[in-house]
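Q: Could you walk me through this structure? I have not looked at it before.

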Amino acid sequence: MTALNRVPSLMVRAGTASALTIAAVSGSIVAPGFTSEAAAATPATKALQIAASKKGSPYKYGATGPHRFDCSGLTLYSFKKAGKKLPRTAAQQYNKTRHISAKNRKAGDLVFFHSGSNVYHVGIYAGKNKLWHSPKSGDVVRLQKIWTKSVWYGRVK
């Protein structure tokens, strides 16, 4: 029996049925303002999830994954898997993003660490003043609190 065949019997037995009741009986609920998790996931959200999935992967200078990463290698890999292309280095990535203020940052934005005008490190903002990154030689991909105010934020276009 299809959902369409069930609707009239519902209306006869219950008198009237709301659209949500009919949809629930038919096995699919579509309500305004609700989207499936898959449909709601933006490339930035996907990249953040991919970076988080690499937790514990060792740092290796020049590595772009899938098992070892340097800082920009992790962001490059994560966004590539999410369908977005980034250049190789942290400085090049900064130059290819839309620069945003700290108050407008969102999870999935890139966090660029700088000294003066020199960008030297990058990670993916995870919310609550934390980022996923591949810190340095001898360390691993991990979630960490942002430790300095010398950061800029960029949104991948």
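A: The conversation below covers the sheet, the helices on it, the cores, the aromatic pairs, the salt bridges and one lysine.

Q: What should I know before we start?
A: This is a predicted model, in which local features need pLDDT of at least 70 and side-chain atom pairs count only at pLDDT 80 or more, while totals for chains, interfaces and linings use all residues. Residues are numbered from 1 along each chain as its sequence is written, and side-chain values use heavy atoms, with hydrogens and water left out.

Q: Fine. What is the order of the strands in the sheet?
A: The open sheet has six strands in the order 1-6-2-3-4-5, with antiparallel pairing. Strands (E, at least two residues) and helices (H or I, at least four) are DSSP runs, numbered from the N terminus. Two strands pair if DSSP finds at least two bridges between them.

Q: Which strands stand at the edges?
A: Strand 1 (97–100) and strand 5 (142–145) do, and each has a single partner strand, so one side of each lacks a neighbour in the sheet. On average, neighbouring strands are turned by 40 degrees against each other, direction ignored. Axes here are lines fitted to C-alpha atoms, for helices over the stretch in contact, and angles run from 0 to 180 degrees between N-to-C directions.

Q: How many bridges join strand 2 to strand 6?
A: Four bridges join these antiparallel strands. Phe112 stands opposite Trp152 in strand 6.

Q: And the helices, where does helix 5 lie?
A: Helix 5 lies across strand 2, strand 3, strand 4 and strand 6, at about 45 degrees to strand 3. Contact means heavy atoms within 4.5 Å.

Q: Which residues touch the most other members of the largest nonpolar core?
A: They are Phe79, Leu86, Leu110, Phe112, Val122 and Ile124, in a core of 22 residues. A nonpolar core is a set of buried Ala, Val, Leu, Ile, Met, Phe, Trp, Tyr and Cys residues joined through side-chain atoms within 4.5 Å. Buried means under 20% relative accessible area, exposed over 50%, and partly exposed in between, with a 1.4 Å probe and protein chains only.

Q: Which elements supply at least two residues of this core each?
A: Helix 4 (43–53), helix 5 (71–81), helix 6 (90–96), strand 2 (110–115) and strand 3 (118–127) each do. Helix 5 gives the largest share, five residues. There is also a second, separate core of eight residues, including Ile100, Val111, Tyr125 and Ile146.

Q: Changing topic: how many aromatic pairs does a search of the whole structure find?
A: The search finds five. Rings of Phe, Tyr and Trp (its six-membered ring) pair if their centres lie within 6.5 Å; planes under 30 degrees apart count as stacked, over 60 as edge-to-face and the rest as tilted. Phe69 and Tyr77 have ring centres 5.2 Å apart and planes at 65 degrees, so their pair is edge-to-face. Both Phe69 and Tyr77 are buried.

Q: What about Tyr125 and Tyr153?
A: Tyr125 and Tyr153 also form an edge-to-face pair, 6.0 Å centre to centre with 85 degrees between the planes. This pair links distant parts of the chain, as Tyr125 is in strand 3 and Tyr153 in strand 6, 28 residues apart. Tyr125 counts as buried at 5% relative accessibility, and Tyr153 does at 4%.

Q: Which residues do ring pairs link into a cluster?
A: Ring pairs link Tyr94, Phe112 and Trp152.

Q: Now the charges. How many salt bridges are there?
A: A search of the whole structure finds three. A salt bridge is a side-chain nitrogen of Lys or Arg within 4 Å of a carboxyl oxygen of Asp or Glu. One of them joins Arg155 and Asp109 (2.8 Å, N to O). Arg155 lies in strand 6 and Asp109 in the loop between strand 1 and strand 2, so the pair ties together parts 46 residues apart in sequence.

Q: Is Asp109 buried or exposed?
A: Asp109 counts as buried, at 2% relative accessibility. Arg155 is also buried, at 18%.

Q: Last one: where is Lys157 found?
A: Lys157 is found in the segment after strand 6 (151–156). Lys157 counts as exposed at 61% relative accessibility. Leaving aside neighbours within four places in sequence, Lys157 is in contact with Lys84, Lys96, Thr97 and Arg98.
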